[in-house]
Amino acid sequence: MNSSSSAAAAIASDSGVFDLAPVALWLEDYSGVKALLEGWRRAGVTSLRDHLTGHPERVRECASRIRIIKVNRKTLELFAAKDVEHLVANIGRVFRDDMLTTHIEELAQLWDGKTAFTSNAVNYTLDGDRLDIQLKATILPGHEDDWSRVLLSTEDVTDREQARRRLVGSENYARGLFAHSPVSLWVEDFSGVKRLIDEVRMQGITDLRVFTDVHEEFVSRCISEIRIIDVNQHTLELFGAPDKKTLLSSLPVVMRDEMEPCFREQLIDLWNGKLFQQREVVNYTLDGTKLNLLLQFSVFPDREHDWSLVQIALTDITARKKAEAYLEYLGSHDALTKLCNRSFFADELNRLERKGPWPVTIIMADLNGLKAANDELGHAAGDQLLRRAGEVLNSIVDKPARAARIGGDEFAVILPGTERAEGEAMMKVIGDLIGINNEFYTDLPLSLSMGIATSEKGERLEAVVKRADLAMLEAKREHYSQIENDRRRQAAS
């Protein structure tokens, strides 16, 4: 007999000790249960757990075979019973609901030859209050053959179990917020990044920006040290990934190009102690679609010492960035011709005035016949001419050169770092393209009068524009003079 069995026997034999014990104690007779189980074993039952699960009514039969011999005061207090008779008469109110499921496990332990069993169960007081209890039971020495004396203790662990359930509930709530957030969430381990940064700091480096200017590979090393712990469902949807494994194996596709300079700035902020950061970044979906994202980075509380848990939230701002780009485009472009507008033209002249490159060649152009088209054919015809002029100039002018509509029928082409001969070649190409354009639009001919000027040393660009404009006016006079001469010849003939 071991010491715990001896103690149990002593408690059972000493009525005073049993009754005054600070733990709820039950002395019960399980001999009827033993006889029932032996009958099932003789009938061929090999797994009591499976047998009772398939025949739940037999669990009730087992429970009905248990006879309560006595309980102590603590038991009566715990279950709000007046006396043993009151408790026994209402035992069905104490043991109910899922108690029978727990009872299967208790019986299975006895079936397997154990003389003691434990379980966690739910009981109810006679007032109807729920009790979480931890049950421990042992067959008293000398009664192993018939189970006629079983000592049970029921410890009230309601407070502990409620705290555990609250903790589980909080964890499930937090997990639900993470999993179902409408924002892309990443949980990552940056401890390897912190280690690298600390090593650099220990070398006496004080400015990470200067250090990474010299050691560009440091940024890539830091990226390789990041460990992704988890991502939520919205992340998979945002990047077009069927599952986490596919996404994590495709990170070089997702984070590339513009991402490394952004991450460098993130490292510099971390170096300077900014553990919460916000910046705009660019990532890509698995099919290559560009995503503009607002990144919010935060080191978890209590992880500031090692950065082992950080959360990154990514909000898709692609639509907003497109809208901003369109508004910026509208602010610097003419909606009809898709060329730059007069405001952009003035700003570009000011920029070139300050920074060059020199020389700057400027072509001024005027759309011939716009007024006549508007007057004779309507503004729709005039608008068509303007759009065609825009098509020609947009097709030939590439950055850093710019073409702009600076008035109703006035256009300008700015050619930075371009000599006059190159500008004249550009004018010839424009003329050739106008000829091609007219082959497609035979109803209304497109015609531009153009003038050119190239900056001289120390000359203001405003003066260059005026010289090009004068040359354009001269070309325009020649154009209309030629038309008038042709008209007169036709009239004379």
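Modeller: In this predicted model, strand 3 (residues 116–124) and strand 4 (residues 130–139) run antiparallel and are joined by nine bridges.

Strand 6 (residues 184–189) pairs with two other strands. With strand 10 (residues 310–316), strand 6 forms five bridges in the antiparallel sense. With strand 7 (residues 227–231), strand 6 is again antiparallel, over four bridges. Glu-188 takes part in both pairings: its bridge partner in strand 10 is Val-310, and in strand 7 Glu-188 stands opposite Ile-228.

Six of the six residues of strand 6 are buried, so the strand is largely enclosed by the rest of the structure. This holds for both faces: Ser-184, Trp-186 and Glu-188 point one way, Leu-185, Val-187 and Asp-189 the other way, and all are buried.

Helix 19 (residues 342–355) has 14 residues and reaches 20 Å from its first C-alpha to its last, close to the 20 Å expected at 1.5 Å a residue. Its buried residues are Phe-344, Phe-345, Glu-348, Leu-349 and Leu-352. These cover an arc of only 140° around the axis, which puts them on the same side of helix 19. Helix 18 (residues 318–332) contains Tyr-326, and Tyr-326 makes a nonpolar surface patch of about 320 Å² with Leu-327 and Leu-330.

Note on methods
Residues numbered from 1 in each chain as written. Predicted model: local features only at pLDDT ≥ 70, side-chain atom pairs only at ≥ 80, totals over all residues. Heavy atoms only, no water. Patch = residues over 30% accessible without salt bridge, like charges linked within 9 Å, V, L, I, M, F, W, Y side chains within 5 Å. Areas by Shrake-Rupley, 256 points an atom, 1.4 Å probe, with all protein chains shown as cover. Salt bridge = Lys/Arg side-chain N within 4 Å of Asp/Glu carboxyl O. Pairing = 2+ DSSP bridges. Expected span 1.5 Å × (residues − 1). Buried < 20%, exposed > 50% of the residue type's maximum accessible area, 1.4 Å probe, protein only. Arc of directions from axis to C-beta.
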